[in-house]
Amino acid sequence: MREIVVHDWQARAGIDVAALAAFLGRALGVEASPVSGGAGMRPDGAGGALGACRVADVKRPFWRQRGEAPRDGGVALYDGHELLRLALAVAGPGASPRGALHVMVTDLLVGTYDDADARYHARPVVASNPSLLSTASAVWGPARSRRYYGEAMAARASGGDGAAVEAAHAAEHLVEGDARMAAAIRGYAMQAAMYALTGEAFCDDASCCLHDAHWQSGVLSAVASGQLCAAHGAAIGGLT
Ligand SMILES: [Zn+2]
């Protein structure tokens, strides 16, 4: 991989793609450049194709629900692999494993279906080429603390003050518009880059920014740290 291209793709969540590209260029020692597109560069500008990527039922794989209309009122979740096909049209035919890595930053909620538990899960990173990075999925994918869920459920059951619970726990997890989001997206971008370089995005070391954090505490302590573990730190220079 000689180059990374970072696309602002429906990224109204305030991620500075120029700063992200500069970070990746420094961290990986490769050429990195940003692309901020107009309407044509956005998935909702692709002739209505975005709507066709929406998930109607989180408990069925996409091929079994293609073309079905999502129920009204639900949060719009998009199938990551379907979005990648739109992203490929934006990134162009040069998006191949041996060419530049294209990274698309979006605020769409992105999920993939997991056969293991037969349902969709929100994914902050869908590593491929192009790769997707989703700010909404960084908020809603990794789980919040058990204490938060317990208190939020108790507040709902008793008609109590849900806003107070949110405020009390806000520092523990990413929220929409979070000032820590840029740091988290840097870590997820490193995972996408590591996948492009080695075929493996994740690291078992719970302090490494490549850690596959299933909890928000891990997103904030590891992914958003931007720090590689000793093994990955030593390896990275030889990979690019
Ligand atoms: Zn590591």
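Begin with the largest pocket of this predicted model, which holds about 620 Å³ of space. To place yourself at its centre, select Thr 112, His 121, Ala 122, Arg 123 and Pro 124, which are the closest to that centre among the 27 residues of the lining. Then colour by secondary structure, and strand E5 (109–114), strand E6 (119–122), strand E7 (125–126) and helix H6 (181–198) will stand out as the elements that each give two or more residues to this lining. Strand E6 contributes the most, with four residues. If you switch to colouring by residue class, the lining of the largest pocket separates into 16 nonpolar, six polar and five charged residues.

From there, select Val 126, which lies in strand E7. Val 126 counts as buried because its relative accessibility is 6%, where the cut-off for a buried residue is under 20%. Showing its surroundings, and leaving aside residues up to four places away in sequence, you will find Val 126 touching Gly 80, Leu 84, Val 110, Thr 112, Ser 131 and Leu 132.

The last stop is the second largest pocket, with a volume of about 180 Å³. Select Arg 54, Val 55, Ala 56, Asp 57 and Val 58, and then Pro 70, Arg 71, Gly 74, Val 75 and Leu 77, to display the residues that line this second pocket. Coloured by class, its lining shows six nonpolar, one polar and three charged residues.

Technical notes:
Residues are numbered from 1 along each chain as its sequence is written. This is a predicted model: local features need pLDDT of at least 70, side-chain atom pairs count only at pLDDT 80 or more; totals for chains, interfaces and linings use all residues. Side-chain values use heavy atoms; hydrogens and water are left out. On a 1 Å grid over the protein atoms alone, a cavity is a set of points where a 1.4 Å probe fits but cannot get out, and a pocket is an open set with protein on both sides within 12 Å along at least five of seven lines; lining residues have an atom within 4 Å of a point. Grid points are joined across faces, edges and corners, and a volume is the space filled by probe spheres set on the points. Ala, Val, Leu, Ile, Met, Phe, Trp, Tyr, Cys and Pro count as nonpolar, Asp, Glu, Lys and Arg as charged, and the others, Gly among them, as polar. Buried means under 20% relative accessible area, exposed over 50%, partly exposed in between (1.4 Å probe, protein chains only). Contact means heavy atoms within 4.5 Å.
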